Amino acid sequence: MTKILITGACGQLGSELTTILRKIHGADNVIATDIADPNPQVAEGPFEHLDVMDKDKVEELVNRYKVTEVYHLAALLSANAEKNIDLAWKLNMEGLLNVLKIARDKELKKVFWPSSIAVFGPDAQKKGTPQNSPTNPSTMYGITKVAGEQLCNYFHQKFGVDVRSLRYPGLIGYKSLPGGGTTDYAVDIYHKALAKETFTCFLEKDAVLPMMYMDDAVKATIDLMNAPSESLTVRTSYNISAISFTPEQIAASIKKEIPGFEISYEPDYRQQIAASWPDSIDDSAARKDWNWKPAFDLDSMTKDILENLPKMSVAEKE
Ligand code: AKB
């Protein structure tokens, strides 16, 4: 019997993964946890408050619910991490180390941990960044992701922990709001467009970044976790890619649906973070090892979001 514990379940990715994993395994078999109060998406099933830096509590929940798999998503994202480097290091590293040690000691079946394109820095190849490009990030968040990837690989090699990971690009969904990331503008922009407001972008108009629609990100996660262990050749974290675009290009895509939409630009400190990241990513290892292939491009994502976002109630969106 699969029993899943999700940390950071109220976050943008966590909310969606909780819903889909509950559909697959049954609501009672997916325990959502977060330091925050449950949002409506995760409230329909077991929920526990959890600070992932509290190893005893993580272990107590793993024991109490007889957990077999952990999706460890709790973390501080790039923009927030720059504002609080001590918390970023503590939360992102201690949380992961706690989960990996529990996975080793309790012989959990599998662990999922998200890495990010933020592992790459200015010296990485900008276009089609290869899987094994140098990982010398210039952000605190990136540093925690590089160290986290090494921890995952170490626990796999040394203790046989079956931990799997993806280097997500910016994730764009309409069901919940992201918090504290550099790519968040590409979610906020749709809310402003539907509210018929001008969107002020905190990046330059030509700041190109790798991005992915949430449906593709969720599918990638489930597919990676379902892949046979012996087919996985990457135990740090897999590059995955879908779309790359600039703020100007996403605005043009929205204008096709909402012709009156306007965007203006007021770049802040997040522009520097964006400029240090790749423009696009080579994901051939993921395609080869577990048949990864995205389904959405920029215009199909825009259409889907603009059609479905207005159907969400205010409570659901929060
Ligand atoms: C962020 O902007 O911090 C994240 C990421 C790219 O990992 N979305």
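A polar contact is a pair of N or O atoms within 3.5 Å; within protein, one must be able to donate a hydrogen and the other to accept it, and residues adjacent in sequence count only if both atoms are side-chain atoms. This is a predicted model in which local features need pLDDT of at least 70 and side-chain atom pairs pLDDT 80 or more, while totals for chains, interfaces and linings use all residues. Residues are numbered from 1 along each chain as its sequence is written, and side-chain values use heavy atoms, without hydrogens and water.

**Ligand contacts**
- A polar side-chain atom of Ser-78 lies 2.5 Å from an oxygen atom of the ligand, and one of Tyr-141 lies 2.8 Å from a ligand oxygen atom.
- For Thr-183, a polar side-chain atom is 2.9 Å from a nitrogen atom of the ligand.
- The protein covers 93% of the 260 Å² of accessible area (Shrake-Rupley method, 1.4 Å probe) that the ligand has on its own.

**Ligand surroundings**
- Residues around the ligand (a heavy atom within 4 Å) include Leu-77, Ser-116, Ile-117, Gly-181 and Trp-277.
- The shell comprises 4 nonpolar, 5 polar and no charged residues, with Tyr and Trp counted as nonpolar and Gly as polar.

**Domains**
- An automatic or database assignment divides the chain into domain 1 (4-169 + 214-239) and domain 2 (172-210 + 243-280 + 296-317).
- The ligand lies between domain 1 and domain 2 because both give residues to its shell.
- The domain centres, taken over C-alpha atoms, are 24 Å apart.
- In contact (heavy atoms within 4.5 Å) are 27 residues of domain 1 and 24 residues of domain 2.
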